[in-house]
Amino acid sequence: MHKFEPHMDLRSNMRAEYTEDSVWPTFTDIMTVVLMIFMFTMVAVLLTNTDLARQLMAATAEKEESDKRLGESINTLQIMSARISTLEENIEKKKMEIILMEDSARVLEKGLEEKDLALARREEDLAAMHEAVAMSESRVAESLAKLKQAEKATLEQIATLQQAHRRQIAQMEEERNRTLQLLAKEADSRIKELDTRLEAALATLKDKEQAVVAMKNKEERLELALARQRRDYTTLEDKYNKLIGPARSSLDKTVVGVRYSKEGGQYVILFKDAGSEKYEPVTRKELHNRLDWLKSQIGDKLYVKVVIPEDSNLSYNEAWTFTNTILTKYDYYYQSK
């Protein structure tokens, strides 16, 4: 066995020095050091575990906060999607109002064109009347010229036969005066008659023009009133739908698109299926077949978005009739009413 050299023991509870060799004090010191190392190690491990536990709890809290924020973001996106759909519906209504206003403008332009045509006809009639008056005046002037020539010839005859035919000349002068008076009266009566006919024709033309204008104005007022009634009906229908049920929304619905327009006098229908980004041309029969199939598959989840372009060349009646037919027959919102 190894013998340890004697050493100084600094412990305060030492009573006496050892006088012989022993291994126990050295073993006790070694165990004390091992125990201290074990305790320091355990304390360090506990501190490390405590720090790791804190970090884990912080990471868990951050994850829960992130999940909560993600859920709020998803809810916000859904609300924004519903608002966007509502805005699109409002835009479509505005487009239909613009189409109505364009129809009214076309009606007014048509009325103005017809009024211009009536004015042109009136000017032509007036020109014809003036031409007739001018011809009458020309004839009267010719008659007067002939009378003057006859008068000149008579005066020459009177000058050559003055002495022999004084009485005859006086009679001729009297007859000439009577003839001139008669011709003048006839000319005056003819002119007055022409003036009376012209005034009567102008009065008749004016009455007819006023009647035509009154009829056109009445027709325009009726068309405008009909357009306003249709617009008011659409507005009242929207208000009624808002009062009796929830707003129409594409949230949680299968959305399909239908574009309707007119090109070269032919109706054009484009269809966009759910999940597709492209419209494709279809006939009216194919459109109804597809919508019937979708309605049978998803029932009250079908949302039909009807789009009428600004340059559709459709009248208000055509756009409204098509939209009302499609929505009433297939859209979920109108099926539940």
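How far apart should the ends of α4 be at 1.5 Å a residue, and how far apart are its end C-alpha atoms? I looked this up before anything else. The 15 residues of α4 should span 21 Å, and the end C-alpha atoms are 21 Å apart, so the two agree. I note here that the model is a predicted one.

**Entry: overall layout**

I listed the secondary structure and got five helices and four strands. Along the sequence the pattern reads α-α-β-β-β-α-β-α-α.

I traced the strand order next. The four strands make an open sheet, ordered β3-β2-β1-β4, with mixed pairing. At the edges are β3 (280-282) and β4 (302-307), each of which pairs on one side only.

I went through two of the pairings. Strand β2 (residues 266-272) runs antiparallel to β3 and is joined to it by three bridges. In this pair L270 stands opposite P281 of β3. β1 and β4 are paired in the parallel sense, over six bridges. Here I noted G257 opposite K305 in β4.

I checked how well β4 is covered. Five of the six residues of β4 are buried, so the strand is mostly covered.

**Entry: helices on the sheet**

Which strands does α3 lie across? Helix α3 (residues 284-298) lies across β1 (254-263), β2, β3 and β4, and runs at about 30 degrees to β2. Helix α4 (residues 316-330) also packs on the sheet, where it touches β1, β2 and β4. The direction of α4 makes about 175 degrees with that of β4.

I came back to α4 to see which of its residues are buried. They are Y316, A319, F322, T323, I326, L327 and Y330. Seen down the helix axis, these buried residues fall within an arc of 150 degrees, so they line one face of α4.

Which element gives the most residues to the largest nonpolar core? I first took the core as a whole: it has 22 residues, and those with the most contacts inside it are F271, L287, L291, V304, F322 and I326. Two or more residues come from each of α1 (24-160), β1, β2, α3, β4 and α4. The element that gives the most is α4, with six residues.

Leaving out residues up to four places away in sequence, L287 touches V258, I269, F271, V282, F322 and I326. Of general note, nonpolar side chains in soluble globular proteins tend to be buried together.

**Entry: the loop between α2 and β1**

I looked at two residues in this loop. S250 lies in the loop between α2 and β1. Is S250 buried or exposed? Its relative accessible area is 13%, under the 20% cut-off, so S250 is buried. Apart from neighbours within four places in sequence, S250 is in contact with S85, V255 and Y303.

D252 lies in the loop between α2 (166-244) and β1 as well. D252 is not a glycine, yet has a positive phi of about 60 degrees. With a relative accessible area of 61%, D252 is exposed.

N313 has a phi near 60 degrees, a positive value in a residue other than glycine. N313 sits in the loop between β4 and α4. Its relative accessibility is 53%, over the 50% cut-off, so N313 counts as exposed.

**Entry: R221**

Last, I looked up R221, which is found in helix α2. R221 counts as exposed, at 52% relative accessibility. How many residues separate R221 from L108 in sequence, and what is their C-alpha to C-alpha distance? I found 113 residues in sequence and 9.9 Å in space.

Terms used. Residues are numbered from 1 along each chain as its sequence is written. This is a predicted model: local features need pLDDT of at least 70, side-chain atom pairs count only at pLDDT 80 or more; totals for chains, interfaces and linings use all residues. Side-chain values use heavy atoms; hydrogens and water are left out. Two strands pair if DSSP finds at least two bridges between them. Contact means heavy atoms within 4.5 Å. Axes are lines fitted to C-alpha atoms, for helices over the stretch in contact, and angles run from 0 to 180 degrees between N-to-C directions. Buried means under 20% relative accessible area, exposed over 50%, partly exposed in between (1.4 Å probe, protein chains only). The expected span of a helix is 1.5 Å times one less than its number of residues. The arc is that of the directions from the helix axis to the C-beta atoms. A nonpolar core is a set of buried Ala, Val, Leu, Ile, Met, Phe, Trp, Tyr and Cys residues joined through side-chain atoms within 4.5 Å.
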